[in-house]
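Here are some notes from going through the model, as numbered points. Have the structure open while you read.

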Amino acid sequence: MFNSFKKNKALKIYTKIAKQSREPFFFKDCKIEDTFHQRLEILSLNLIIILWSMKKKNLFDLSQKLIDIFFQDLDNSLRELGVSDLSVGKKIKILAENFFGRLASYSDSIERSINENKKSYLRTSIKKNFNYKQKPKIECEKILKYALRNIELFKNINEDKILNVSFEFIN
C-alpha cells in the first residue's frame, strides 16, 4: 500500500511537470521548436529541477518513482509515434543515457551556480542540451532565467509543498 501511495504522489508530481513543460512560454517566448526532442528537453529540465530539490530533501524513493514514470511515459510516447516494438528498447536505452547525462550535468551546474554564484555553468548546459549551435533562434537567456527562478524556488520550498503537489513553476 505504501508503494502505491508513493507511485500516486509521483504520478501527480509528474503530471504537473509535464503540464508545465507544455506551457506556451517555452515555444513563444523562448522560441523552442515544438518537436519531440525539444519538448523532451523542456520536460527533462523541469524534471531535473524537481529531482534536484527532492535529493536535497532526501526524498529518494519518491524521486525514483518519478523517474520510473518518466521512462514509462517515454516508452508510451515512442509507441504512439509509431516506433516498432523491437526498436523501443534500443531508443529508450539511448534516451536513458542522454537523460542521466543531463541529470548529472544540470545537477552539477545547479550546485556550482549556487555555491560559486556563477550562472555560466548552467548557461553552458542549457546551450548544449537545447542544441543552440544548430538552433540559434532559441532564447537561451530566457531559458536560463526561467531555470534560475525555479531553482531558487525549489531550493527553499517546503517538503510538504512537493509532497502535496501544491507548488507552481515560475515562468
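1. Start with Phe27, which sits in helix 2, residues 24-29. Keep in mind that this is a predicted model. Setting aside neighbours within four places in sequence, Phe27 touches Ser21, Arg22, Ile32, Glu33, Asp34, Arg39 and Ile42. For a sense of scale, Phe27 and Lys56 are 29 residues apart in sequence, and their C-alpha atoms are 30 Å apart in space.

2. Next, have a look at Lys31, in the loop between helix 2 and helix 3 (36-56). Its phi is near 60°, a positive value in a residue other than glycine. Most residues other than glycine have a negative phi. Is Lys31 buried, partly exposed or exposed? Lys31 counts as partly exposed, because its relative accessibility is 43%.

3. Asn117 goes on the list too: phi is near 55° here, again positive in a residue that isn't glycine. Asn117 belongs to the loop between helix 5 and helix 6. With 69% relative accessibility, Asn117 counts as exposed.

4. The axes of helix 5 (residues 85-115) and helix 6 (residues 120-129) come within 8 Å and cross at roughly 155°. Angles over 145 degrees count as roughly antiparallel, so helix 5 is roughly antiparallel to helix 6. The crossing of helix 5 past helix 6 is left-handed.

5. Which residues make that contact? From helix 5 come Arg102, Ser105, Tyr106, Ser109, Ile110, Arg112 and Ser113, and they meet Tyr121, Leu122, Ser125, Ile126 and Asn129 of helix 6. Sorted by type, the residues of this contact are 5 nonpolar, 5 polar and 2 charged.

6. On to the aromatics: how many aromatic pairs does a search of the whole structure find? It finds 12. One of the pairs is Phe154 with Phe169, which is tilted, at 5.4 Å centre to centre and with 55° between the planes. Phe154 lies in helix 7 (residues 140-156) and Phe169 in the segment after helix 8 (159-163), so the pair ties together parts that are 15 residues apart in sequence. Phe154 is buried, at 0% relative accessibility, and Phe169 is buried as well, with a relative accessible area of 9%.

7. One last item for the aromatic list: Tyr14, Phe70, Phe71, Phe99 and Phe100 form one aromatic cluster.

Technical notes: Residues numbered from 1 in each chain as written. Predicted model: local features only at pLDDT ≥ 70, side-chain atom pairs only at ≥ 80, totals over all residues. Heavy atoms only, no water. Axes fitted to C-alpha atoms, helices over the stretch in contact; angles between N-to-C directions. Helix = DSSP H or I, 4+ residues; strand = E, 2+ residues; numbered from the N terminus. Parallel < 35°, antiparallel > 145°, perpendicular 65-115°, else oblique. Left-handed = near helix turned anticlockwise from the far one by under 90°. Contact = heavy atoms within 4.5 Å. Nonpolar A, V, L, I, M, F, W, Y, C, P; charged D, E, K, R; others polar. Phe/Tyr/Trp six-rings, centres within 6.5 Å; stacked < 30°, edge-to-face > 60°. Buried < 20%, exposed > 50% of the residue type's maximum accessible area, 1.4 Å probe, protein only.
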